[in-house]
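Hi everyone, thanks for coming.

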Protein chains: 2
Amino acid sequence: MKNNVNRELPEDLMKQLDYKPFETTEIGHPEVQRVAPKVTVTTGDDKVVESLEDVVKKTVKDGMTISFHHHFRNGDFVFNQVMDIILKLGIKDLTLAPSSLTGVMNDKVIEAIKAGTITNITSSGMRGSLGDFVSHGGLKNPVIFRSHGNRARSIENGNIKIDVAFLGVPNSDALGNANGMNGDAVFGSLGYALMDAQYADKVVLLTDNIVDYPNTPASIKQTQVDYVVKVDKVGDPDKIGSGATRFTKDPKELKIASMVNDVIVNSPYFKDGFSFQTGSGGAALAVTRFLRQSMIDAGITASFALGGITSPTVKLLEEGLVKKVMDVQDFDKGAAASMKNNQNQQEIDASWYADPDNKGAMVDQLDVAILSALEIDTNFNVNVMTGSDGVIRGAIGGHQDAATSKLTIISAPLVRGRIATVVPDVTTVVTPGESVDVLVTEYGIAINPRRKDLQDALSNVPGLPVYDIHDLQKLAESKVGKPEPLQFTDRTVALVEYRDGTIIDTIKQVKD
Amino acid sequence: MKNNVNRELPEDLMKQLDYKPFETTEIGHPEVQRVAPKVTVTTGDDKVVESLEDVVKKTVKDGMTISFHHHFRNGDFVFNQVMDIILKLGIKDLTLAPSSLTGVMNDKVIEAIKAGTITNITSSGMRGSLGDFVSHGGLKNPVIFRSHGNRARSIENGNIKIDVAFLGVPNSDALGNANGMNGDAVFGSLGYALMDAQYADKVVLLTDNIVDYPNTPASIKQTQVDYVVKVDKVGDPDKIGSGATRFTKDPKELKIASMVNDVIVNSPYFKDGFSFQTGSGGAALAVTRFLRQSMIDAGITASFALGGITSPTVKLLEEGLVKKVMDVQDFDKGAAASMKNNQNQQEIDASWYADPDNKGAMVDQLDVAILSALEIDTNFNVNVMTGSDGVIRGAIGGHQDAATSKLTIISAPLVRGRIATVVPDVTTVVTPGESVDVLVTEYGIAINPRRKDLQDALSNVPGLPVYDIHDLQKLAESKVGKPEPLQFTDRTVALVEYRDGTIIDTIKQVKD
């Protein structure tokens, strides 16, 4: 069985898990019955519990699905605390369904898999030791990778049924009114966690900061929360932000950023009221800087900036160059701190951000998205999940979701060290070429042949060489040579869903 | 069959509609499966529709349940516009399930009942010609009266399944992001309408003010909205507010207000961090004024004020005497205008406000509630639904809900004209005496015998005469005499639910 991006899919597994192969990026107009949680009624007077262990005992049973958010990123103190207790209690056969997994959780997840405590995982991604462990066959059942929008979709239609959500927050009152904006371990938007708070049967907040009732603004509401557990510390503020708030000085990154800007400015979308999503990292910040200048020069403003938000984006909001920041996640302290005081920086949940089975998500209104790639192939398919060794080391994040924008730009160096980024065939298809419009490398750009209009718009821009993507691939190959084909076993260690829940690719166990 | 407030209930009807008799105000800890809407997927690009008739044709079918909100009160231009089209299209057998019905809707509802277009109604209340029409047997099926909290409960558990909600808003963008804070017909909190937006299968916004995308704050979100219809005017700003923003000069009302304040101040609940709900109308505003002075004198502040919000309450917020205003509805322009700029005036939905089947509603945390009464009897049962002639002329509103507060005060004159307020037996039990603590009249107060603690606390307050409620009833009777018993037929024209969905009373057709 092959899907529409020419990937061979394991028929037995597809049937067993009731999956369909990926066909198209078009979502259409299906009617979707949403689901809702089971609520255990209380007046709310006894929610504050001293002992996390007591709460885990009351809520978590063998076979359940538990969830966490990753807004604390590598500053997270919540996941390991909860999992230690779950391990100690000998609970088995859990499905782990966090919004994503960060490095600080890796050792504990591996320990829990080995103990039989975690037997299933769905996540946006995984990196480091855990990716390595899974790619080498450490987990019996295949991991299911879902984009942020797809996770929202799956929670809203019941494909992911969360029994207990453990959500760390930098503040909460005694009934569970909480936000990400005040306290020591501030991360700003609670965007991903809002899905868990709304749909989990049991919601447990962990906080180091119990404040007066009623706590407002209440991103998470008392009507959603069963327990509030006081812990010493929910997170390390210094490790929450990505750190990268400075522009890159790397000439290659600057060149790419400048060309990304040229693509945007010369596209039909660069006009008053346009919208965009950039990512995190030095190169993305550099794009924001170039774009800022172009907007000033052209005298135009953007209606909104979307996605994971950075300080430079907030700066554009403050300057009036961007009217609204639609904020599902903050990537640094400055962005997180700003949400509290700027009414035009609107917290949005993952459904509003990107659920495709929706009455319209923000990504559906997006003009320009600048996304990254580990690999991109000559069909414009993008891999952000597996490394050149075939090992899992990435995350879908909002990649598939934001790629629905009118102008999706992949910004990537032609080669990284001795490894080509532009390849004949990506190791893992995460985002289908159908939704990718332009590749920008330090040597020049390639335009998806589906976009004749962009070919016309971008063919005569000074300093913006336009290549056939096959030529960029050959150029990359000429620089780093042809790698040995990767060796995989037949065993599927992960399924990569497209945002509509079909299977776009699988990841096989690597051969040692 | 009698319930726990000694009301005879129609056994056949109870069985037919699967109702249980009211037993207790205690909600307990049931497990409740919530429901969720069916979503028709779209990217949201084609939501704006010029013709309201087209939208009605697409969405409303015979036998459906349709809903509206009453935040515009008597300034509403939405209900009649929609109903005119529904009538014109000859749609039949609809259930009308608005958050409440205001006078401006009455004629149209009667017309629609007569046409067979509306055959069932559930509402918080009804007044004037419509109450008269129903009380005289004009609607075949009994009306079901529900409190604001009970409506939220019923929507959340599927007892009220809204097929199409028509929601007027003073602003919306083209995808349906909307709030009650900007535009011509501003009403502030969208509290009651938020239930409809979240749970209806189809949500139609009507607005006279389409603003740039994305519109924030988005009380109603694009993820909830199917259509945005541009109309000439959604409401008359001058008729939205109750008008009553001035303190009463009526000496009787002032005396009652002063005694209400005495009850609060001398109760065990008047301490730093206490919370309260007052209502609208001159007397309630006077209570707020007295309470303000008492708080200043005692040097204490309130943690929150709840409920329908008035300008004097917002003033307390601005003075720092109240820390948070939790706002499900605004009763005047000042209160509505304030929400936009004051972060501590938090919009809350009807579920958060008062749904009893919840993980804790605001009313569960309420210390003091000051409520009104058309009648109160010697068992402290309160009637806010039927007049002395037995005709429907009221609304439950949040009465049953706020009565769960720790100190529930009924503020009412002993007599109104030639009609006693304190009676042996109320015409209709809306709020059970079990949840009422103190009656305050211009002659003095009566304390529910269940509250020995309050008897002790309030027995020696200068200027606060404490009566047995039977004595107040006799006093009233001595002033206005014993009225002729009301004459009803056997036919049930309305069922009054308690907030947990049991039947607390029925209303019979009046004899002509």
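This is a predicted model: local features need pLDDT of at least 70, side-chain atom pairs count only at pLDDT 80 or more; totals for chains, interfaces and linings use all residues.

Why start with a proline in a loop? As background, most residues other than glycine have a negative phi, and most peptide bonds are trans. Now look at the bond that leads from B:T216 into B:P217: that peptide bond is cis, with omega near -10°. Over in chain A there is a cis peptide bond to show you too, joining A:Y213 and A:P214, with an omega of about -10°. A:P214 lies in the loop between β10 (202-207) and β11 (227-230) of chain A.

Let's step back and take in the two chains together. Turn chain A by 180°, with a shift of 0.0 Å along the axis, and it can be laid on chain B with an RMSD of 0.0 Å. That is how a two-fold axis relates two copies. Which C-alpha of chain A is nearest the axis? That of A:A36, at 2.8 Å from the axis. The two copies also use the same surface to meet, as 100% of the contact residues of chain A recur in chain B.

Now for chain A by itself. How many helices and strands does chain A have? The count is 16 helices and 28 strands. Its radius of gyration is 22 Å, close to the 24 Å that the globule rule gives for 512 residues, so chain A is as compact as a globular protein of that length. Along the principal axes, the C-alpha trace of chain A spans about 70 × 55 × 45 Å.

What about the inside? Of the 512 residues in chain A, 64% are buried. If you take the contacts in chain A with a separation of 6 or more, 73% of them are between residues 24 or more positions apart.

Let's zoom in on a couple of helices. In chain B, helix α3 covers residues 78-88, and its buried residues are B:V78, B:F79, B:V82, B:M83, B:I85, B:I86 and B:L87. In general, an α-helix has 3.6 residues a turn, so residues three or four places apart point the same way. Just after α3(B) comes B:G90, with a positive phi of about 70°.

In chain A, have a look at helix α4, residues 106-114. Here A:N106, A:K108, A:V109, A:I110, A:A112 and A:I113 are buried. What covers them? The cover includes α3 (78-88), β5 (94-96), β6 (118-123) and α5 (128-135) of chain A. After α4(A) you will meet A:G116, whose phi is positive, near 80°.

Some residues have a positive phi without being glycine. A:N6, in the segment before α1 (11-16) of chain A, has a phi of about 65°. A:N6 is exposed, with a relative accessible area of 53%. Then there is B:D18, in the loop between α1 (11-16) and β1 (31-33) of chain B, with a positive phi of about 60°. At 69% relative accessibility, B:D18 is exposed as well.

Beyond its neighbours within four places in sequence, A:S67 is in contact with several residues, among them A:A97, A:R151, A:F166 and A:D196. A:K92 sits 25 residues from A:S67 along the chain, and their C-alpha atoms are separated by 15 Å.

Finally, find A:G320 in the loop between α11 (311-319) and β14 (322-330). A:G320 is partly exposed, at 34% relative accessibility.

How values were computed. Residues are numbered from 1 along each chain as its sequence is written. Chains are lettered from A and ligands numbered from 1 in the order in which they are written. Side-chain values use heavy atoms; hydrogens and water are left out. Copies are superposed by least squares on the C-alpha atoms of residues with pLDDT of at least 70 in both. Contact means heavy atoms within 4.5 Å. Helices (H or I, at least four residues) and strands (E, at least two) are DSSP runs, numbered from the N terminus. The radius of gyration is taken over C-alpha atoms; the globule rule is 2.2 Å times the number of residues to the power 0.38. Buried means under 20% relative accessible area, exposed over 50%, partly exposed in between (1.4 Å probe, protein chains only).
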